[in-house]
Amino acid sequence: MARKRAAIVAAAEQAFVRDGYAGSGMESIAREAGVSIMTLYRHARTKDDLFAAVIESACHPVDMEESARIEDALKKPLADTLVFVGVMFQERIRGAKTTNLLRVVMTEIRRFPHLGGLAYDGLINAHVERLDSFLSTRDETSGMPVERRRKIGHAFFESLVGLDDYRVLLGLPAPSPHDICRRAEAAAQKVITELGKDLPVPDLLES
């Protein structure tokens, strides 16, 4: 089932990038994936479901090695973990797969405005949700009110996007690995600073 789903998502991605959202059909995607139309519908009931699955796949680890690196990073001090997540997010959001899918959305959005929401949910909200789930397990943030924790997480990702993303969408050079790392470090430092505001202030009268 996992292999079939991977084949379906890969075929759908190729179809959406090649033919656009409007020009892609469920039956042709099933043929390209080498599965029956009924098998396709078991994995995605509508074309919107299929598009959402393709968007979501852009956020997932590409192989077991990357999964292992992520697991290892999550065990490190919070600042180091945030830098790792920040670098990974920037690489994904500006990668060829994501860029091609965003161009499809931009091309089709006048006829299919809901694609914007699907893309934002899959590329941004999915990352915010995963970071919030991680932060809820950390001693530094587990006791924090949920809304404040989510606000900090959202601000973290906002710090990672900028004019560079427009440059990539327009086919111009992406930022260097050094610039990506520097931006991730700055975003992580903002989170650590915000968390410091929530630390209890020592009672000097008792000391």
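**Contacts, helices and a pocket in a predicted model**

Trainee: Leaving aside its neighbours within four places in sequence, which residues is Thr 81 in contact with?
Mentor: The model is predicted. Thr 81 sits in helix 6, which covers residues 78–93. Its contacts beyond those neighbours are Ala 73, Leu 74, Lys 76, Phe 134 and Arg 138.

Trainee: Is Thr 81 buried or exposed?
Mentor: A residue is called buried under 20% relative accessible area. Thr 81 has 0% relative accessibility, so it counts as buried.

Trainee: What is the secondary structure of the chain?
Mentor: Read along the sequence, the pattern is α-α-α-α-α-α-α-α-α-α-α. The chain therefore has no strands, and its secondary structure comes to 11 helices.

Trainee: What percentage of the residues in the chain is buried?
Mentor: The chain has 207 residues, and its C-alpha trace spans about 75 × 35 × 35 Å along the principal axes. The buried share of the residues is 39%.

Trainee: How far apart are the C-alpha atoms of Met 26 and Arg 45?
Mentor: Met 26 is in helix 2 (residues 26–33) and is buried, with a relative accessible area of 12%. Its contacts, leaving aside neighbours within four places in sequence, include Ile 37, Tyr 41, Arg 45 and Leu 50. Met 26 and Arg 45 are 19 residues apart along the chain, and their C-alpha atoms are separated by 9.6 Å.

Trainee: Which residues are in contact with Ile 29, leaving aside its neighbours within four places in sequence?
Mentor: Ile 29 is also placed in helix 2. At 0% relative accessibility, Ile 29 counts as buried. With those neighbours left aside, the residues in contact with Ile 29 are Ile 8, Ala 11, Ala 12, Ala 15, Ser 24 and Leu 50.

Trainee: Which helices do the buried residues of helix 4 pack against?
Mentor: Helix 4 runs over residues 47–57. Its buried residues are Lys 47, Leu 50, Phe 51, Ala 53, Val 54, Ile 55 and Ser 57. They pack against helix 1 (2–19), helix 2, helix 3 (37–43), helix 7 and helix 8.

Trainee: At what angle do helix 4 and helix 7 pack?
Mentor: Two packed helices are described by the angle between their axes and the distance between the axes. For helix 4 and helix 7, the axes are 9 Å apart, and the angle is about 145°.

Trainee: Which residues of helix 4 and helix 7 make the contact?
Mentor: By class, this contact has six nonpolar, one polar and one charged residues. Helix 4 gives Phe 51, Val 54, Ile 55 and Ser 57, and helix 7 gives Lys 97, Leu 101, Val 104 and Val 105.

Trainee: Is Thr 99 buried or exposed?
Mentor: Thr 99 lies in helix 7. Leaving aside neighbours within four places in sequence, Thr 99 is in contact with Ile 93, Arg 94, Val 168 and Leu 169. At 6% relative accessibility, Thr 99 counts as buried.

Trainee: Which helix supplies the largest share of the lining of the largest pocket?
Mentor: Helix 7 (96–108), helix 8 (114–135) and helix 10 (163–169) each supply at least two residues of this lining. The largest share is five residues, and they come from helix 8.

Trainee: How many residues of the lining of the largest pocket are nonpolar?
Mentor: The pocket holds about 490 Å³ of space and is lined by 19 residues. Lying nearest its centre are Ile 93, Leu 102, Leu 123, Asp 165 and Leu 169. Three lining residues are polar and two are charged, and the nonpolar ones number 14.

Trainee: Is Tyr 166 buried or exposed?
Mentor: Tyr 166 is found in helix 10. Its C-alpha atom is separated by 9.5 Å from that of Arg 94, 72 residues apart along the chain. At 57% relative accessibility, Tyr 166 counts as exposed.

How values were computed
Residues numbered from 1 in each chain as written. Predicted model: local features only at pLDDT ≥ 70, side-chain atom pairs only at ≥ 80, totals over all residues. Heavy atoms only, no water. 1 Å grid on protein atoms, 1.4 Å probe; cavity = no way out; pocket = protein on both sides within 12 Å on 5 of 7 lines; lining within 4 Å. Points joined across faces, edges and corners; volume = space filled by probe spheres on them. Helix = DSSP H or I, 4+ residues; strand = E, 2+ residues; numbered from the N terminus. Nonpolar A, V, L, I, M, F, W, Y, C, P; charged D, E, K, R; others polar. Buried < 20%, exposed > 50% of the residue type's maximum accessible area, 1.4 Å probe, protein only. Axes fitted to C-alpha atoms, helices over the stretch in contact; angles between N-to-C directions. Contact = heavy atoms within 4.5 Å.
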